[in-house]
Amino acid sequence: MTLSREACEALDRADPLADRRALFDLPEGVIYLDGNSLGALPRAVKARLDAAVTVEWGRDLIKSWNTAGWIDLPARVGAKIAPLIGAGADEVIAADSTSVNLFKLAAGALKLRPGRRVIVTEPGNFPTDLYILQGLRDFLPDVELRVVAPADLPSALDEDVALLLLTHVHYKSGAVHDMAALTAKAHAAGALTLWDLSHSAGALEVNLAGCGADLAVGCGYKYLNGGPGAPAFLFVSRRLQAEFQTPLSGWMGHAAPFAFSDDYRPAPGVLRTLCGTPSVLGLTALEAALEAFSGVDLCDLRAKSMKLGDLFLELMERRRLPFGLACPRASAQRGSQVSLTHPNGYAIVQALIARGVIGDFRAPDVLRFGFAPLYVRYVDVWDAVEHLAAVMVREEWREPRFNEVAAVT
Ligand SMILES: Cc1ncc(COP(=O)(O)O)c(C=O)c1O
């Protein structure tokens with residue numbers, strides 16, 4: 001790759017996704033490299049939410065459950081997420097948080113594998129994945145949690161294992177697991193797989209069906225741009241739906257919620273994983289946000305995500321900036337983020353934010369820069385590395401204000 005700002009501008013002009021940036025309401029003068037944590041605001045969301053609040057809620061009140069199709073939102077939004085993760089429209093719903101969905105699917109997986117009591121995962125997985133499994137184990141005394149390093153995963157998969165739960169793209173390192181190979185290994189041992197796609201959906205080509213995956217969850221507020229605290233999604237393979245039982249058998253997952261019968265009877269298919277009343281405004285925002293993916297070729301999305309990360313690393317290396325690398329160097333093994341290490345990482349990120357370059361920090365020493373391919377340009381990467389170099393050369397991060405740690409990093 002030729003390394004000049006002009007070359008980056010040329011890459012932007014040739015970018016098949018270049019028109020997507022205009023769909024987002026990005027603040028002037030900000031280079032936003034944190035879409036892996038909270039996606040930017042799609043312009044369509046503002047108008048859609050305004051109509052939902054003013055007309056659907058304000059004017060039409062409770063009628064909107066039927067007239068505006070509020071009741072169908074979980075399935076409708078799920079169907080829009082499905083093509084981004086290689087799933088069928090009838091295999092995905094949008095509901096609850098990723099944490100709650102992890103609980104529902106992990107517990108459901110144990111039910112699908114009677115006699116097997118082990119759940120395998122890796123140390124350093126996103127905390128909520130580990131905590132949910134720990135909570136489940138504590139509620140079901142004979143469940144065992146086997147937390148093994150990635151290299152030992154294949155040998156940890158034996159005839160006692162009910163479920164392998166992994167995050168496809170690691171939240172801190174950005175390392176990508178080989179979904180197809182690990183799913184095949186789990187299946188060979190008779191276990192099911194549950195993939196956390198929080199850092200994959202909307203940035204990588206995910207092919208749940210092609211990999212034979214069983215279950216999956218993911219966030220709606222990262223690369224899917226659904227807004228802060230947006231509803232999450234979950235996937236249950238068609239193969240498993242008829243047998244799947246949810247531990248949170250709420251009325252919205254009932255076959256006939258408005259029959260108000262005393263006895264629980266699961267809805268057909270993935271709808272049975274619903275629990276309570278859907279978050280209508282959250283789902284409405286997420287639905288509008290997903291329009292930004294309409295017509296996007298996932299190959300283009302992934303190709304750009306890899307190129308943006310490579311460009312960042314090449315520019316860093318050229319400038320010999322004093323950072324360790326916490327992510328894989330090879331783009332095929334890296335998600336849509338670059339992770340660096342530095343003992344003063346927190347202050348460096350704050351100094352960068354003061355310059356208008358927003359990344360984030362993960363304890364103890366990781367700086368993360370996410371490249372949301374729909375709205376990050378090559379020229380943004382160029383400029384971001386220029387700012388990073390200035391922060392380091394001028395030691396701006398030493399300023400006391402950059403060393404005061406806020407509640408959310
Ligand atoms: C891999 C992964 N899983 C889950 C979550 C969050 O789950 P929740 O939306 O329930 O807070 C995150 C948030 O960053 C994450 O990175």
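Buried residues are those under 20% relative accessible area, exposed ones are over 50%, and partly exposed ones fall in between (1.4 Å probe, protein chains only). By this rule Tyr171 is buried, at 11% relative accessibility, while Phe126 is partly exposed at 33%. The model is predicted, so local features need pLDDT of at least 70 and side-chain atom pairs count only at pLDDT 80 or more, whereas totals for chains, interfaces and linings use all residues. Residues are numbered from 1 along each chain as its sequence is written, and side-chain values use heavy atoms, with hydrogens and water left out.

Ten aromatic pairs are present in the structure; rings of Phe, Tyr and Trp (its six-membered ring) pair if their centres lie within 6.5 Å, with planes under 30 degrees apart counted as stacked, over 60 as edge-to-face and the rest as tilted. The Phe126 and Tyr171 rings are edge-to-face because their planes stand at 90°, with centres 5.0 Å apart. Phe312 and Phe371 form a tilted pair, at 5.6 Å centre to centre and 55° between the planes. Both Phe312 and Phe371 are buried. One aromatic cluster is formed by Phe24, Tyr32 and Tyr375.

Turning to the ligand, a polar side-chain atom of Ser99 lies 2.6 Å from a ligand oxygen atom, and a polar side-chain atom of His199 lies 2.7 Å from an oxygen atom of the ligand. Taken alone, the ligand exposes 400 Å², of which the protein buries 84% (areas by the Shrake-Rupley method with a 1.4 Å probe; for residues, only the protein chains shown count as cover).

Methods. Polar contact = N/O pair within 3.5 Å; in protein donor to acceptor, adjacent residues only side chain to side chain.
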